[in-house]
Amino acid sequence: MGGFSAQDLTAIFVMQGFAGLSFFSVLLLMALGLAIIYGQMRVINMAHGEFMVIGAYATYLLTSALRHLPGGLDVSVFLAIPVAFLAAFVVGYFIEWLLIRHLYHRPLDTLLATWGLALIMQQGFRSAFGAREVSVPVPDWLRGSYRPTMMIDIPLNGLAIMLLTVLVTVAVWWFLYRSRWGLRVRCTTANREMSGAVGINTKRVDRMTFAIGCGIAGIAGAAFTTISSTGPTSGSLYIVDTFLVVVFGGAGSLVGTIASAFSIAQAQSIMEFFMGGSMAKVLTLLTVIGILLLRPEGLVASKVRR
Amino acid sequence: MIKLPGFLHGRHGGLAGILILAAILMIVMPAMLDLYRLNLAGRYLTYAFVAVGLVLCWGYGGILSLGQGIFFGVGGYAMAMFLKLEASDPESTRIQTTPGIPDFMDWNRITELPWFWVPFNSLTFTIIAVLVLPAAFAFVIGYAMFKRRVSGVYFAIITQALAVVLTILIVGQQGYTGGINGITDLRTLKGWDIRDDSAQYLLYYLNATLLIGCVLLGRWVLNGKYGRILTALRDREDRVRFSGYDVANFKVFIFCLAAFMSGIGGAMFTLQVGFMSPSFVGIVPSIEFVIFAAVGGRLSLLGGVYGALLVSYAKTMFAEAYPQLWQVMIGAVFILVVLVLPYGLASVYQRYGKRAVAKLKGSRHPGDTPTPPAASVVPGARRDATAKAGSALPHDSVTEGRP
């Protein structure tokens, strides 16, 4: 690494590392939803990126509606998260009823069907919001940046997204491992027939699980609006990365998903500085694929017997 | 009784289907379509190579690859590199800073032909590369994965990621690959202008012949003992393994065969269309290839061909008539096929066409009407997997490793 002093390198690592953390946040929020859907239900949701975009557009609509009220922008930041969640949740609930429930025992077919769904949703966004990307105004107090030293500059909205991600992750953990609902979800995953026999309405569990996974993608969309502008195809850019995160982390493992989102985002972000975005992505993806070949079950293997 | 070679009879339909396909491709379409439409049809037929390969490896082998664009691209780019080198002889590129190298290299300030371009000066090498490189790539990918018992969803996602990697590399390394525009402006093959009318007709026929050759090759493979083992390992991989077969080798072989066909398709695409670009390599084309196979019928080699033709034709039609709607239509078609017709158009023929044909003949065999399974109705139920005429259907719940 010639040409960089130690101080430069530290600053680069901190700032790129932090940029990586924003990427990590969106990736993790996306992956959490996908990990629930794939890990618990074995449904491969190729339209997951589009559910993220629903959340992003919901945020956009909300801020457009509220921005002219005094203090509306400040309120909308907090309102955006539940609104984005609900929007994606409702659509997910409907889609599960319409499409997904017919395909539970055919995992590879869910992949194909949801790809068709993704195409339709993208065109829907294009018709409704136009092909141009929209951006959401950020309130002033999120616009600044935190500067611990001369060379390090950390944007505040990145910090806010981090906080949001931590909250959502804790909520998902609580939901899956501490709540009544989570118990039913895990129970259905472990043994569908037995769960039905002990009185769990497995169809209802499936629908809720899918909808909640989509809802979390919606939250990812709300977070996404603060770091980038939203277009009809924004979601499809993330879908491959997100799938790799889920598979790499070990499907069905929360810790694994967090660890893999973190390592993929950081590797990508730090390498980006030295070799440019495209080569960094190539190297990251190839490394992940290489590790997956050595450890096909992912970083953290779930101990469920199949 | 005379014993016919395996690809002319057997479980995967009679000779009639092949003859009808040949008649449609060789006589009906050239007679009915003008050159522009015929060229479009030729382009769709290059996708059919990939679809036929997918029928083999996905329908019969149970290996869903979302990275067939890689092999289509490798074949296509190999051909394009040869044609580009021929198009950029020192005479016609004398206005460049460095004459004799492709124009996009000159724009990117590259002054010397990169080493991996040099062998593509030779047509022999190029043809060998088209035939061998995609299968070699597939061998590396397949060997690494199937030996580690990576399969099903994981395999699909990893091949998809590889398709993304290749696209990013091609787009990113503009000076070596032509970047997002691809390799364009291809004119002659050994001095023979590939753009004039007679060349277009000739290439169309070459393409159709090769495609029918691939279908016959696929039938030959499926009708042999190998085909039986392939179907067996798709349905009950563990049992085949316990019987003493090395499952991974069988999977690697069928994956390589599919890649080999895709590579030929890619090369024919470049020849007929006159360019190659990364938009035929990435996720979207790779999934579209799967759509072709799914719509045509994942268990029917001929279905793959018809699927590629019909879906591409429909896509072009919609895109011309309703630019706003074609994406919705394609998406809807895809969802409907998966939901209602998991075994594609071929299963419609199996269910109704056969009966009609038998009626015409006046002799109805009740046993000859195998019903494709309503897979969504009886999860996990044992289906009639020995139905005649190639409807040895996969046992999905088992394929995915559930009890």
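**Conventions.** I number residues from 1 along each chain as its sequence is written, with chains lettered from A and ligands numbered from 1 in the order in which they are written. Since the model is predicted, local features need pLDDT of at least 70 and side-chain atom pairs count only at pLDDT 80 or more, while totals for chains, interfaces and linings use all residues.

**Confidence.** I began with pLDDT, the predictor's confidence in each residue, from 0 to 100. Chain A has a mean of 85, with 95% of its residues at 70 or more, and chain B has a mean of 83, with 86% of its residues at 70 or more. For the complex I noted an ipTM of 0.85 and a pTM of 0.85 from the predictor. I then went through the elements, taking helices (H or I, at least four residues) and strands (E, at least two) as DSSP runs, numbered from the N terminus. Among the elements of chain A, the lowest mean pLDDT, 72, belongs to strand 1 (residues 145–146), and the highest, 92, to helix 2 (residues 48–66). Where pLDDT is low, the predicted coordinates should not be read in detail.

**Record against model.** I compared the UniProt annotation with the coordinates, bearing in mind that its positions are given in the numbering used here, that feature names are shortened, and that annotations may be inferred rather than shown by experiment. The unreviewed UniProt entry for chain A places "transmembrane region" at several spans, including 107–125 and 154–176. In the model, residues 107–125 of chain A are 100% helix and 0% strand, with end C-alpha atoms 27 Å apart, whereas residues 154–176 of chain A are 91% helix and 9% strand, with end C-alpha atoms 33 Å apart. For chain B, the unreviewed UniProt entry gives the feature at spans that include 153–172 and 202–222. Residues 153–172 of chain B are 100% helix and 0% strand, with ends 28 Å apart by C-alpha, and residues 202–222 of chain B are likewise 100% helix and 0% strand, with ends 30 Å apart by C-alpha.

**Chain B overall.** I found 16 helices and two strands in chain B. Of its 403 residues, 47% count as buried, where buried means 20 or more other C-beta atoms within 10 Å of the residue's own, exposed 12 or fewer, and partly exposed in between, with C-beta atoms placed from the backbone. Among contacts in chain B with a separation of 6 or more, 76% join residues 24 or more positions apart.

**Where the chains touch.** The contact takes 34 residues from chain A and 44 residues from chain B. On the side of chain A, the elements that give two or more residues are helix 4 (107–129), helix 9 (234–249) and helix 11 (277–294), and helix 4 of chain A gives the most, with 14 residues. I sorted the residues on this side of chain A into 23 nonpolar, seven polar and four charged, counting Ala, Val, Leu, Ile, Met, Phe, Trp, Tyr, Cys and Pro as nonpolar, Asp, Glu, Lys and Arg as charged, and the others, Gly among them, as polar.

**Single residues.** Arg42(A) lies in the loop between helix 1 (6–41) and helix 2 of chain A, and its phi is near 60°, a positive value in a residue other than glycine. Arg42(A) counts as buried because it has 20 C-beta neighbours inside 10 Å. In chain B, Asp185(B) lies in the loop between helix 7 (174–177) and strand 1 (188–189), and has a positive phi of about 65° although it is not a glycine. Asp185(B) has 15 C-beta neighbours inside 10 Å, so it counts as partly exposed. Finally, I looked at Leu167(A) in helix 5 of chain A, which counts as exposed because it has 12 C-beta neighbours inside 10 Å.

How values were computed:
Contact = placed C-beta atoms within 7 Å.
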